[in-house]
Amino acid sequence: MNNEYENNLIFINVNIITLNSKSPKANILGIKNNKINYISDQYSKKNLNRLKSNKTKIIDCNGATILPGFIDSHCHILSYISNLSNLNLNDLKISSIKNIKQELIKYSKKISPGDWIKANGYHEFNLIDNRHINKSDIDKILPSNPVRIKHASGHADILNSLALKSIGIDNNYIEPIGSYIERDDRGEPTGLLINMNSILNNKIPKSDQQQLKKNAERADKDFLSKGITSMQDATYTNSIKRWELFNKLKTDNIIKSRITFMPGYEFLQKFIDAEIKFQSGNNDLNIGPCKIMCNLTDDGLHPSYEILKKIVNFANKNKFPVSIHAIESDVVEKVIQILYEQKQINNNLGLNLRNRIEHCSEINIEQIIKLKESGALISTQPGFIYTNGARYKSLININKQSFLYPIRSIMNYKIPIAASSDFPISDFNPLIGIYSLITRKDSQNNILNKSESISINEAIKLYTYYGAYICSQESIKGSIEIGKLADLIMMNNNPLDMEYENIKELKNLMTVINGKIVWES
Ligand SMILES: [Zn+2]
């Protein structure tokens, strides 16, 4: 039997939302070592005395609400860390090319001549100019600094002439398949590059170690302050070298949230050779599914259907579930077909793997039905409804708008779906995603497919229980139950009793990971 006594930490005077359907509410919680040791809705003084020892720390929560810690099931941790050194155009609420130029000039005064200027958070949709900024716009104001502006989607960049030159991109440069370089009538690159991330990242000098360490420490506080106790890094360039870097961030205790690291498929063989398997590591840092990119290019699917099929088969054969990036419904459809066929193969081999689709932003009912049969899971980003709602409404064909993030329909088919932010692409605050899951509203109060809204309880579950489930970790975290890891957050109000409009204003008061208080407001 479980030893209820001698808890290290006891929370009293508290509403506890457990997300355990057998006992959804509680008012006293005990933690022993790193696990949840006691939970009950029968608080009494007598009960409390029985549970504590003379070393127990008792926390009076003054009526605050405890939830399981949030799990961000798809994000890019190192991009967030390195972006912290950059000029952030998103925070500056940029509305024109003129604005961008002013900010670039201001920023250039703080650095040495010839140094790289890196900016991020740019989106042409937010500009009154109705076009992308290009290399000549930037050349005119900054001829002697190389400049890279990352697009808000994370899949495009704008470079000035000096930056293009230093990367080696000229009229004769041939871009790799899956990438695109915009050119003018004379064949000269305009500065707009699509899907060239890995090439740019390799060639552009990184911030120095000292700066990166400082950024990582700041990032850690950012994540903890929003109650993110676990994150799944879905970067397709995740190599062994990056895995070692994450190990270092963990052994130096710089990042405290738990991390699941998805190896990129180009590096999978290296992980297999090094005997690093799916779920290798520990509860603090471990290996997740294999991340695969799949995009629609002018030449069709990249990688091609046949190649993608082989990659999925190879990963599954090696007991790695896959996590495939697929956004548009044409791509989603092909990915579902591949996962459906692979499921038959896996069934025959007795392999039970939770393959997943990342984003799955556009999907219709027929595809949802087929997805159910394929056994695949989804990681969705409701924060995109909040940030991109206006853009979807103006750019996406009205007939296709009902295919966007049909979360209610997906859940009606009992397809496991977890939520995430894809940070730094969108805000990592889970409350923004939860708000849009319930209200289906964007930042300007436009509503996208109201019939696809879900309840507050369900929305929280997408950021907790299903975040764990999608990585086969639901037996150890994702809800508040005896024996699970003590990863908790304390909110100033009870989200279940709030007006939905105010959900974004909830404040996290405390973050607990592995039974330790790692952050307090
Ligand atoms: Zn992503």
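Student: Let's start with H76: buried or exposed?

Tutor: H76 counts as buried, at 13% relative accessibility. Buried means under 20% relative accessible area, exposed means over 50%, and partly exposed is anything in between (1.4 Å probe, protein chains only). Keep in mind that this is a predicted model, where local features need pLDDT of at least 70 and side-chain atom pairs count only at pLDDT 80 or more, while totals for chains, interfaces and linings use all residues. Residues are numbered from 1 along each chain as its sequence is written, and side-chain values use heavy atoms, with hydrogens and water left out.

Student: Which protein donors does the zinc ion have?

Tutor: They are H74 (NE2), H76 (NE2) and D422 (OD), lying 2.1 to 2.2 Å from the zinc ion. Donors here are N, O and S atoms within 2.8 Å of the metal (3.2 Å for Na, K and Ca), and water is not among the atoms, so sites may look incomplete.

Student: And how are those donor residues spaced in sequence?

Tutor: The spacing is H-x1-H-x345-D. H76 is in the loop between strand 8 and helix 2 (77–83), and D422 is in the loop between strand 24 and helix 15, so the pair ties together parts that are 346 residues apart in sequence. Helices (H or I, at least four residues) and strands (E, at least two) are DSSP runs, numbered from the N terminus.

Student: D422, buried or exposed?

Tutor: D422 counts as buried, at 6% relative accessibility.

Student: What kind of peptide bond joins F423 and P424?

Tutor: That bond is cis, with omega about 10 degrees. P424 lies in the loop between strand 24 and helix 15. A cis bond also runs from H302 to P303, where omega is near -5 degrees. Most peptide bonds are trans, and most residues other than glycine have a negative phi.

Student: What about phi at C360?

Tutor: C360 has a positive phi of about 50 degrees although it is not a glycine. It is buried, with a relative accessible area of 3%. Q279 also has a positive phi, near 75 degrees, but Q279 counts as partly exposed at 42% relative accessibility.

Student: Switching to aromatics. How many aromatic pairs are there?

Tutor: The count is 15. Rings of Phe, Tyr and Trp (its six-membered ring) pair if their centres lie within 6.5 Å; planes under 30 degrees apart count as stacked, over 60 as edge-to-face and the rest as tilted. One of the pairs is F70 with Y463: the ring centres are 6.2 Å apart and the planes are at 75 degrees, so the pair is edge-to-face. F70 lies in strand 8 (residues 70–75) and Y463 in the loop between helix 16 (456–462) and helix 17 (465–469), so this pair ties together parts that are 393 residues apart in sequence. F70 and Y463 are both buried.

Student: What sort of pair do F223 and F428 form?

Tutor: Edge-to-face, with 5.6 Å centre to centre and 80 degrees between the planes. F223 sits in helix 7 (residues 209–225) and F428 in the loop between strand 24 (417–419) and helix 15 (430–439), 205 residues apart. Y80, F223, F423 and F428 form one aromatic cluster.

Student: Which residues touch the most other members of the largest nonpolar core?

Tutor: Of its 83 residues, those are I77, F223, M231, V335 and I434. A nonpolar core is a set of buried Ala, Val, Leu, Ile, Met, Phe, Trp, Tyr and Cys residues joined through side-chain atoms within 4.5 Å. The largest share, 6 residues, comes from helix 11 (residues 329–349). F223 itself is buried, with a relative accessible area of 0%.

Student: Last topic: how many salt bridges?

Tutor: There are 21, counting a side-chain nitrogen of Lys or Arg within 4 Å of a carboxyl oxygen of Asp or Glu. In R408 with E458, the closest N and O atoms are 3.0 Å apart. R408 lies in helix 14 (residues 407–412) and E458 in helix 16, so the pair ties together parts that are 50 residues apart in sequence.

Student: And which residues are linked in a network of salt bridges?

Tutor: K135, D184, R186 and E188 are.
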